[in-house]
Amino acid sequence: MTGSGSPQAARAAAAVRQRTATEAGPCAVAVPVYGTRVLPRFGMARTFWLAESEGGHGVRALGLREWDPTLEPRLPLWLVRQGVGGVLCGGIHPRFQADLEAAGLWVIAGQRGEVGEVAARWARGEMKPPGTAACPSRSPPCGWGMHIHRRRGETP
């Protein structure tokens with residue numbers, strides 16, 4: 001994922017997003033998976049379940065997509081090319097999150113459970129919006145991936 005935070009990568013991601021927004025819909029989301037569950041560590045992800053919101057009435061599955069880093073080494077750009085606007089994931093390293101956000105993707109971390117149930121909660125608007133804390137306190141420590149902070153230094 002190195003190099004994906006550059007201005008050139010951000011411009012390329014924006015151009016791809018314009019072309020692919022109508023293909024997967026404006027509210028498409030990617031969820032890294034392990035079987036039928038959300039993968040606990042984003043950095044290990046190769047398989048993503050894609051879905052889109054149906055106006056708060058549920059989700060429409062777009063299917064599984066396999067990321068091949070030998071064909072596209074920059075995961076954020078690959079996700080943008082798939083037409084997604086954001087990622088629902090378990091734990092995520094701050095560097096990965098920064099790379100995703102630099103490509104224009106939002107991130108809601110700290111999710112666990114069955115992929116379909118997590119996506120349904122997102123579609124119903126039950127998750128905190130990006131840029132706010134996912135839990136009310138600083139316990140467990142933020143480094144455990146239980147908070148979603150847009151910028152370093154934000155507190156819940």
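pLDDT is the predictor's confidence in each residue, on a scale from 0 to 100.

Q: How do you know how confident the predictor is in this protein as a whole?
A: This is a predicted model. Its mean pLDDT is 75, and 64% of the residues reach 70 or more.

Q: Which elements have the lowest and the highest mean pLDDT?
A: Helix 1 (residues 7–24) has the lowest, at 46, and strand 2 (residues 37–38) the highest, at 96.

Q: What makes the pLDDT of residues 15–26 a reason for caution?
A: The pLDDT stays under 50 over residues 15–26, for which the model has 18 contacts beyond four places in sequence. Residues 132–156 are also below 50, with 46 contacts beyond near neighbours in sequence. Where pLDDT is low, the predicted coordinates should not be read in detail.

Q: Why is strand 3 called largely enclosed?
A: A residue counts as buried when its relative accessible area is under 20%. Six of the seven residues of strand 3 are buried, so the rest of the structure largely encloses this strand.

Q: How do you know that strand 1 and strand 3 pair?
A: Pairing needs at least two bridges. Strand 1 and strand 3 are joined by five and run antiparallel. Val-29 stands opposite Ala-51 in strand 3.

Q: What makes strand 3 and strand 4 a pair?
A: At least two bridges are needed, and strand 3 has seven with strand 4 (residues 59–66), in the antiparallel sense. Glu-52 has Arg-60 in strand 4 as its bridge partner.

Q: What makes up the largest nonpolar core?
A: The largest has 21 residues, and Phe-42, Phe-48, Leu-79 and Leu-100 touch the most other members. Strand 1 (28–34), strand 3 (47–53) and helix 2 (75–81) each give two or more residues to this core. Helix 2 gives the most, with four.

Q: Which residues does Leu-100 touch, not counting those up to four places away in sequence?
A: Leu-100 touches Phe-42, Pro-76, Leu-79, Val-87, Ile-92, Leu-105 and Val-107. A second, separate core has 14 residues, including Val-33, Ala-51, Ala-119 and Trp-122.

Q: How many aromatic pairs are there?
A: Ring centres must lie within 6.5 Å to pair, and by this rule there are four aromatic pairs.

Q: Which residues form one aromatic cluster?
A: Phe-42, Phe-48, Trp-78 and Phe-96 form the cluster.

Notes: Residues are numbered from 1 along each chain as its sequence is written. This is a predicted model: local features need pLDDT of at least 70, side-chain atom pairs count only at pLDDT 80 or more; totals for chains, interfaces and linings use all residues. Side-chain values use heavy atoms; hydrogens and water are left out. A nonpolar core is a set of buried Ala, Val, Leu, Ile, Met, Phe, Trp, Tyr and Cys residues joined through side-chain atoms within 4.5 Å. Buried means under 20% relative accessible area, exposed over 50%, partly exposed in between (1.4 Å probe, protein chains only). Contact means heavy atoms within 4.5 Å. Rings of Phe, Tyr and Trp (its six-membered ring) pair if their centres lie within 6.5 Å; planes under 30 degrees apart count as stacked, over 60 as edge-to-face and the rest as tilted.
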